[in-house]
Amino acid sequence: MTSIKSLRWLMRKKSGLSDGGKSSFKIRQLPFMAVLCTVMLFIVYRTTKYQYHQEEVYPATSEKLKGLPRGIIHADSDLELRPLWSRSGLRSKANVYSNRNLLAVPVGIKQKQNVDVMVQKFLRENFTIILFHYDGTVDGWWNLGWSSKAIHIVAQNQTKWWFAKRFLHPDIVSIYDYIFLWDEDLGVEHFSPSRYVKIIKQEGLEISQPALDPNSTEIHHRITIRARTKKFHRRVYERRGSTRCSDSSEGPPCTGFVEGMAPVFSRAAWYCTWHLIQNDLVHGWGVDMKLGYCAQGDRTKNVGVVDSEYVFHKGIQTLGGSGHRMSKRQSGTGIDVRTEIRRQSTWEFEIFKERWNEAISQDKSWNPGSVVPATNSRLSPLNPEPADYNYGFGATVDIPLDPSTDLKKKEKELQAKEAELRRREQEVRRKEEAAARGLALCLTWNIIAVTAAWIKGEGVKIWFLAIIYFIAGIPGAYVLWYRPLYRAFRTDSSLNFGWFFLFYLLHLGFCILAAVAPPIVFKGKSFTGILAAIDVVGNHAVIGILYFVGFGLFCIETLISIWVIQQVYMYFRGSGKAAEMKREAARGALRAAL
């Protein structure tokens, strides 16, 4: 017997030693596994970096670059002037350009004095200057001290957008943080380029413009007027005239809009804008209404007008101005140059709209994101252009000069759509109020029925629970889902909509629970549900009838609640807030993961 016990003791000891050995072996494996995981992560990182480098160096045209070694390929450029020679000690030093910005201006010799003042202010702030000479005159600029530091490009009778499309390619201007594409007739007495750049960086404005002095000669859009008490603004409020701007406005010219006379683009925004500019539509009409799609996100947040740094728009009529309004056709008859230019501009605007609509219809995968289409597509004002612009294309294009009829028709359509949205909103809010009143009625009837059951001996606890349901239910409904939905309609906030959906689903679950009244809390008799009604009706017929009425009320409340959440969700999807909420959730998840 003793030998058997000794044998068992030895077996247990051996087993313990064996387990200890395995444990120590596992412990010794941990450093090895950590090193192995580190090596694998490093291999994955290097592989991903190499693939990215390959895609960056060899774009879609890589087949044409196979004759070159990879290290010699230089895919971008800039507009910086290089000396023909330099001292031997400086030759090996690479030119590194940081915090550089670009000012590009179409100029004519008649505006030389104003351009001189403008350029001198920008040159002091480390700007690169490029002048587009649309009148063909360059020699008259060489007597200015800064002229040799600027880049001069000459093309007779060409517009600002023609120059920008051909000479400001994103690969050429990639070293510049911001591109100022301005007209020549802007007074900069109250403007500081450095302070302006600091503001748009702090506020995250991808597309912006300086505000216009209220005393400017020409102002076309209310949103561009300087607000004296603000540093910057993103929207304007207007309740008079055909354009109504309020907190619910999400497109030009109420918000997300800058005018074509003095736009400022970030590097990323200009990359998108350059592709938006049409190569053959030189006037750029309609482009300003679509610039918000290039704001790298929500244009109501990333597009703005800076008030603290403002300019004076002189509105000089270089386009068919005095002394140059009449030109001659080849046949010898006179024509009004300004009228012909406006005809051409109007025609280009119609072509741009057709291209935009056709592109949307063909690109099924296109998603405008958080940017909604413009609610007012009023024609942009005509940008200043040379007076002697030669638009003699032969026969003129027969297009009406005043498209007011079409604009009034579209205005009526937009007003009808806006009225329809307001009607739907009021309808949803009425249904929500009906659901709130129905909940109050259900909980009140629940107290009456449960009080009768308590009197008949069902216990005081179910009465206290019914009182708690009433006291907590009605204020809770107001705070958790009634008020958030009201605020969501007022502010058009996707966060408030999300809050409403979350707690309204809990409300819907509560109604279903009350209508069924499962026997989980005091046999379910604190609710006038179907199961409690069946249990009570056998002992007290009158009380059973009260419970059945309560069951019917909770069923009706459940159906109304389902109807309300369906209508709100349809409104939510139709207003574009569903996609915005998904993006916000994705960004939040990414931030949490990081």
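**A surface patch and the cysteines**

On the surface, Ile512, Val516, Leu531, Ile534, Val537 and Phe548 form a nonpolar patch that has about 460 Å² of accessible area together. The elements that give two or more residues to this patch are helix H11 (494-516) and helix H12 (530-537), where helices are DSSP runs of H or I with at least four residues, numbered from the N terminus. This is a predicted model, in which local features need pLDDT of at least 70 and side-chain atom pairs count only at pLDDT 80 or more, while totals for chains, interfaces and linings use all residues. Residues are numbered from 1 along each chain as its sequence is written, and side-chain values use heavy atoms, with hydrogens and water left out.

A patch of this kind is made of residues with over 30% relative accessible area and no salt bridge, nonpolar side chains (Val, Leu, Ile, Met, Phe, Trp, Tyr) being joined within 5 Å and like charges within 9 Å; a salt bridge is a side-chain nitrogen of Lys or Arg within 4 Å of a carboxyl oxygen of Asp or Glu. Accessible areas come from the Shrake-Rupley method with a 1.4 Å probe, and for residues only the protein chains shown count as cover.

Helix H12 gives the most to the patch, with 3 residues, whereas Ile512 is found in helix H11 and is partly exposed, with a relative accessible area of 43% (buried means under 20%, exposed over 50%, and partly exposed in between). Helix H12 also has buried residues, namely Ala532, Ala533 and Val536. They cover an arc of only 100 degrees around the axis, which puts them on the same side of H12, the arc being that of the directions from the helix axis to the C-beta atoms.

Turning to the cysteines, the structure holds 2 disulfides, a disulfide being a pair of cysteine sulfur atoms within 2.5 Å. Cys245 and Cys254 form one of them, with their sulfur atoms 2.0 Å apart, and this link is left-handed, with -70 degrees about the S-S bond. Cys272 and Cys294 form a disulfide with sulfur atoms 2.1 Å apart, and the torsion about its S-S bond is about -65 degrees, so this disulfide is left-handed. The pair links distant parts of the chain, 22 residues apart, with Cys272 in helix H6 (residues 267-276) and Cys294 in the loop between H6 and helix H7 (299-302).

Cys511 is buried, at 0% relative accessibility, and its sulfur lies 6.7 Å from the closest cysteine sulfur, in Cys442, which is too far for a bond.

How values were computed. Buried < 20%, exposed > 50% of the residue type's maximum accessible area, 1.4 Å probe, protein only.
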